[in-house]
Amino acid sequence: MEPDWTQLLPELLSIISKKASTTIEEYVNLRAVCKPWRKTLTPRPLHLPNQVPWLMLPRLSPDDFRKNGIDDSYITFYDLSRSTVHRFELPFLSGKYICGSSHGWLILEHDHRLSLLNPITRTSIELPSFRDISTNLVVGYKRKWSESFDETRGYKRCIQKVILSSNPSEPGCVVVARFNSLNSLLCYCRIGDSSWAKLREDVGDNLSFSALWDFIFHNNLVFTISCDGRATIYDLENLSVKTFASRLNTHRCNLVQGVGQSAGPIVVKQSVNSRKTSFSVYEWVNNGEPKWCQVRNIGKQVLFFNRSRPMRALSSANLQLEKWQGNQICYYAWSPMGSEYFQIGINCVNLESGKDVEDINSPSDVFPTNSGATLWLTPSLI
C-alpha cells in the first residue's frame with residue numbers, strides 16, 4: 001500500500017518545509033501541493049533565509065496614469081535571482097504614490113497619510129493622518145505648503161523618504177518619515193498610534209550644509225547624517241540625542257543598515273566619473289578614538305544600493321545571501337534611449353577590487369522618461 005503523503009504529521013511536514021524550501025517561490029509551491037498541506041503549513045513562515053531583493057520597475061505617477069486613462073493598480077518587479085518579472089494586480093495601490101520600501105513592505109502616500117502594503121501577502125496597514133503637519137510645511141522662503149499649491153488640481157506629495165524599525169507585523173514597529181520641507185522635518189509614529197511626533201527639525205538661516213541628508217534605523221536607534229558629514233543618533237525610547245564627534249570628510253553620503261550589534265550603520269558614497277561608477281564605504285570604529293574609517297571589505301555581506309533621482313536613497317539593503325559571494329555592492333543605473341525612453345542596467349561591483357561582477361542580468365524593458373523612481377524590495381511573506 002502506497003503512503004498517503006497528504007496525511008503527514010504536522011511535525012514531520014514542518015521539518016520537510018524547512019529542508020525543502022529556502023525561497024518564497026519554493027515555499028508557496030510546497031503549500032500548493034494539496035489542501036491538507038496548505039492548511040497545515042503557515043502562510044507566514046519564519047524559517048526562510050534572506051531573499052534576494054527584487055527591483056521595482058519604474059511606473060508612472062497616479063496623475064499620469066489618470067491623465068492617460070490607464071489602470072494604476074498594477075506593479076512589476078524584476079527578480080534578480082531568476083532573471084524573471086513578477087507582475088501583481090493590487091487594487092489597494094490605486095491612486096497612491098510609492099515613496100519607499102522597508103522590510104519587504106511598500107510605503108504608500110495618499111490624502112495626507114501613509115499606508116504600508118506587502119505586495120505578496122496583500123496585507124495593508126494604515127498610519128495616522130499628517131494633514132496638520134503637511135499644511136504647515138515650509139517649502140520655500142517664508143512660504144508654506146498650503147500657500148504653494150491648489151489641492152483642487154490634485155494631491156501634492158509631502159513625503160521624501162520613510163523607514164521602518166522592523167517588519168510592521170511585529171509589535172513595536174516604528175515608522176520614521178522625512179517631509180519635503182526646507183527645515184528637514186523628521187517625524188515618527190508607532191503602528192497603532194493616532195498621531196505623529198516630531199523627531200528633528202533644522203533651524204537657522206544657513207541650512208544648506210547642516211540640513212538632513214539621509215537617515216536609517218540601526219539597533220532600534222535612528223541614525224541621521226547631514227550634508228556636512230555630521231552624524232547624529234536618536235533614541236526613541238528615552239528621546240535622547242547624541243552627535244558623533246567625528247565628521248566624515250565627504251558630503252552627501254547615504255546610510256545603509258549595519259550588521260548585527262556593530263557600532264553604527266554603513267555609510268556609502270557613490271561617485272560617477274566618465275560613466276564609471278565607484279563606491280566608498282565607511283564604518284564607525286569605536287576602538288580607542290571613535291571615528292569613521294573607510295573599509296574595502298564588508299565580509300559576506302552584499303549591499304543593495306539605490307538612489308532616487310537625483311540624490312537621496314529610497315531603499316537599501318545589507319544582506320548575507322546564500323549562493324552569493326560577499327563584499328559586493330549591487331546597484332542599478334539608467335541608460336538613455338534617445339530623449340523619451342531609458343533602460344535599467346543592474347551591476348554588481350566587488351568592493352575590494354573595484355571590478356564588476358559578471359553574470360548579472362538586467363531587465364529588457366524600455367521605460368518613458370517621465371516614469372517614477374525605482375527601488376529595491378526584499379520580498380517577505382511576513
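Let me begin with Asp-214, which is buried at a relative accessible area of 1%; buried here means under 20% relative accessible area, exposed over 50%, and partly exposed in between, with a 1.4 Å probe and protein chains only. The model is a predicted one, in which local features need pLDDT of at least 70 and side-chain atom pairs count only at pLDDT 80 or more, while totals for chains, interfaces and linings use all residues. Residues are numbered from 1 along each chain as its sequence is written, and side-chain values use heavy atoms, with hydrogens and water left out.

I turn now to the salt bridges. The partner of Asp-214 is Lys-161, with the closest N and O atoms 2.6 Å apart. A salt bridge requires a side-chain nitrogen of Lys or Arg within 4 Å of a carboxyl oxygen of Asp or Glu. This pair links distant parts of the chain, Lys-161 being in strand β10 and Asp-214 in strand β14 (residues 212-218), 53 residues apart. Helices (H or I, at least four residues) and strands (E, at least two) are DSSP runs, numbered from the N terminus. Lys-161 also counts as buried, at 5% relative accessibility.

How many salt bridges does a search of the whole structure find? The total is 6. Another of them joins Glu-109 and Arg-157, at 3.9 Å from N to O. Glu-109 belongs to strand β5 (residues 105-110) and Arg-157 to the loop between α6 (145-148) and β10 (159-164), so this pair ties together parts that are 48 residues apart in sequence. Glu-109 is buried, with a relative accessible area of 0%, whereas Arg-157 is partly exposed at 30%. In the bridge between Glu-25 and Arg-82, the N to O distance is 3.0 Å. Here both partners are partly exposed, Glu-25 at 35% relative accessibility and Arg-82 at 47%.

Next, the aromatic residues. Rings of Phe, Tyr and Trp (its six-membered ring) pair if their centres lie within 6.5 Å; planes under 30 degrees apart count as stacked, over 60 as edge-to-face and the rest as tilted. By this rule there are 15 aromatic pairs. Trp-284 and Trp-292 have ring centres 5.2 Å apart and planes at 65°, so they form an edge-to-face pair. Both of these tryptophans are buried. For Phe-342 and Phe-367 the centres are 5.8 Å apart and the planes at 40°, so that pair is tilted. Phe-342 lies in strand β25 (residues 341-350) and Phe-367 in strand β26 (residues 367-368), 25 residues apart. Ring pairs also link Phe-304, Trp-324, Tyr-332, Trp-334 and Trp-376 into a cluster.

Finally, the nonpolar cores. Such a core is a set of buried Ala, Val, Leu, Ile, Met, Phe, Trp, Tyr and Cys residues joined through side-chain atoms within 4.5 Å. The largest has 24 residues, and among those that touch the most other members are Leu-114, Phe-130, Ile-159 and Phe-179. Elements giving two or more residues to this core include β5, β10 and β11 (174-179). Which residues does Phe-179 contact, leaving aside its neighbours within four places in sequence? With contact taken as heavy atoms within 4.5 Å, they include Phe-130, Ile-133, Leu-137, Ile-159 and Leu-185. A second, separate core of 18 residues includes Leu-57, Tyr-78, Leu-80 and Tyr-332.
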